[in-house]
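Good morning. Please have the sequence and the model open.

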Amino acid sequence: MPHRSLPLHYATPPELRGETAGRRPVVIVGGGPVGLAAAIDCGLHGIPVLLLDEDDAVSTGSRAICWSKRTLEIFDRLGVAGRMLAKGITWKVGKLFHRDRLVYQFDLLPEAGHKMPAFINLQQYFVEEYLIERAAELPSVEMRWKSRVVGLTAAPDGVTLEVETPEGCYAVEADWVLACDGARSPLRKMMGLSFEGQVFKDRFLIADLRMAADFPTERWFWFDPPFHPGQSALLHRQADDVFRIDLQLGWDVDPEEEKKPERVIPRLRAMLGEAARFDLEWVSVYTFQCRRLERFRHGRVLFVGDSAHQVSPFGARGGNGGIQDADNLVWKLALVLRGAAPETLLDSYDEERIRGADENIRNSTRSTDFITPKGPGATLFRDAVLGLADDAPFARRLVNSGRLSLPCALDGLALQTPDSAEWEDGAGPGLPCPDAPIREPNGAPGWLLNELGHDFVLLVFADSPADLPDCAALKALQHHPAGLRELVVATDAASFDGDFAVLTDAEGLARRRYGGRPGSVHLIRPDQHVAARWPVLDEGAVWAALDRATGRAATPASAAA
């Protein structure tokens with residue numbers, strides 16, 4: 001591959017040098033984006049973590065390329081989003097064609113006032129490079145390459161892994177294991193776990209090609225294009241003049257034959273024109289699959305990303321969903337490890353991320369059914385919808401070329417405290433926190449999400465100091481085992497003294513997006529989701545909501561589960 005690749009060298013582990021390494025709090029198996037993100041998050045929480053990967057190189061081919069706004073916000077908290085934005089291709093407009101006709105176009109982020117764009121396109125190998133370099137900056141993160149897990153023994157209080165290296169095998173004991181080892185997950189197979197769902201009888205060709213072209217930075221999708229009749233096609237621009245092209249092939253093809261240059265290049269020339277000049281970088285053939293484990297937590301082993309669930313690539317839900325898995329899990333694991341929450345808190349990872357996986361599978365399945373209709377009736381319906389979409393808004397809503405990734409809402413699940421009062425609008429319990437421009441206490445411009453996350457935050461909205469809660473109540477809440485810090489969002493910070501960290505709501509967007517009013521408070525989870533909100537501070541209610549959000553109190557939902 002023509003990109004810069006990191007030197008990921010195998011080093012003799014201490015276990016093979018006769019040294020005693022001791023039991024590990026967390027071992028992560030798999031060094032792709034999901035495993036690396038989880039390792040960085042563990043490191044930021046001060047958890048000593050060992051990451052094992054069977055390879056010693058970043059991925060070949062672009063693989064996951066579309067990174068959503070919510071995922072970029074997570075990467076920003078982990079310290080890599082800046083590099084990704086600088087290198088990646090930012091886009092928010094998509095266009096959909098039927099044959100040679102533009103059916104409609106859409107804008108994924110029509111409003112301003114967000115730090116992160118709707119999507120960027122960036123090849124997976126760049127993302128892995130940035131994550132590896134960030135992980136290397138954290139002293140509590142250890143990465144070992146050429147280390148393949150070949151055995152697993154689970155016990156009620158931990159897991160023992162057998163690791164194979166070029167110099168021999170050794171054992172690692174861990175309190176917790178995160179299986180981030182991909183769609184073919186060896187750990188899943190070692191534990192005899194079934195992967196239930198649907199495999200769609202269709203195949204798609206992925207081709208990365210480098211070329212100088214004037215295609216706009218947009219997502220283009222074709223149904224039944226003249227250059228590929230009866231099938232579908234997708235075009236994305238990536239960094240460094242690399243383009244991703246997906247071409248539907250049908251089920252009755254030989255995948256190995258279709259990957260050969262003599263088969264690929266004529267298809268690309270039909271699409272781009274005989275005069276097009278390009279270099280073919282990477283080719284793969286894939287099959288749609290929408291499947292998941294029945295449960296993601298199995299004792300002390302937790303499955304994360306593709307090892308837990310798979311979706312078709314249209315909609316960019318695979319990689320984004322995996323990063324959001326890690327974001328949901330690590331803060332809970334950190335609380336359990338430091339004794340601030342019971343082990344049962346990790347059951348909420350199952351509950352919350354199974355909802356996310358099911359949502360992704362549902363949307364992905366619907367997209368697949370529309371893109372590859374099964375039978376003449378389904379094809380007739382799809383073509384009728386595409387024919388009407390020019391002029392009929394209702395038909396445009398039925399067109400489905402891949403509903404693009406959105407964060408999962410967690411409302412109604414066990415950790416969230418429902419509203420006890422009426423709210424007109426704004427981000428309620430379970431919703432991901434919206435961003436907004438703010439001015440920091442020193443007057444510098446900033447963003448609200450940069451002030452949230454990693455720990456629990458009580459977000460207070462105020463117009464004046466008179467709107468602030470009682471200081472004694474806030475100090476009492478700080479003694480909760482999970483910890484809590486306060487943050488004030490005000491229309492103007494000038495009138496507040498130094499007892500509080502006060503952010504200025506620069507454009508009034510924070511108040512509007514949260515539905516904040518003077519004296520109201522939002523309890524924010526470490527993964528930047530709203531846990532609860534109240535029109536005024538009630539010390540007992542906040543303490544109870546913290547107990548609920550950390551699994552320290554039984555709730556009707558958790559008791560039923």
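Before the residues, one term: two strands count as paired if DSSP finds at least two bridges between them. In general, strands of a sheet pair through backbone hydrogen bonds, either parallel or antiparallel. Keep in mind that this model is predicted.

Strand β14, residues 232–237, and strand β15, residues 242–248, run antiparallel and are joined by five bridges. Within that pair, Leu 235 stands opposite Ile 245 of β15.

Both strands belong to an open sheet of eight strands. The order is β6-β5-β13-β14-β15-β12-β16-β19, and the pairing is mixed. Which strands stand at the edges? They are β6 (101–107) and β19 (309–310); each has a single partner strand, so one side of each is left without a neighbour in the sheet.

A helix lies across part of this sheet. Helix α9, residues 347–371, lies across β12, β13, β14, β15, β16 and β19, and runs at about 115° to β16.

Now the other sheet. An open sheet of three strands has the order β3-β7-β4, with antiparallel pairing. The edges here are β3 (66–68) and β4 (89–91); because each has a single partner strand, one side of each lacks a neighbour in the sheet. From one strand to the next, the twist averages 30°.

How many bridges pair β4 with β7? Three, in the antiparallel sense, with β7 covering residues 119–121. Trp 91 stands opposite Phe 119 in β7.

Notes. Residues are numbered from 1 along each chain as its sequence is written. This is a predicted model: local features need pLDDT of at least 70, side-chain atom pairs count only at pLDDT 80 or more; totals for chains, interfaces and linings use all residues. Side-chain values use heavy atoms; hydrogens and water are left out. Helices (H or I, at least four residues) and strands (E, at least two) are DSSP runs, numbered from the N terminus. Axes are lines fitted to C-alpha atoms, for helices over the stretch in contact, and angles run from 0 to 180 degrees between N-to-C directions. Contact means heavy atoms within 4.5 Å.
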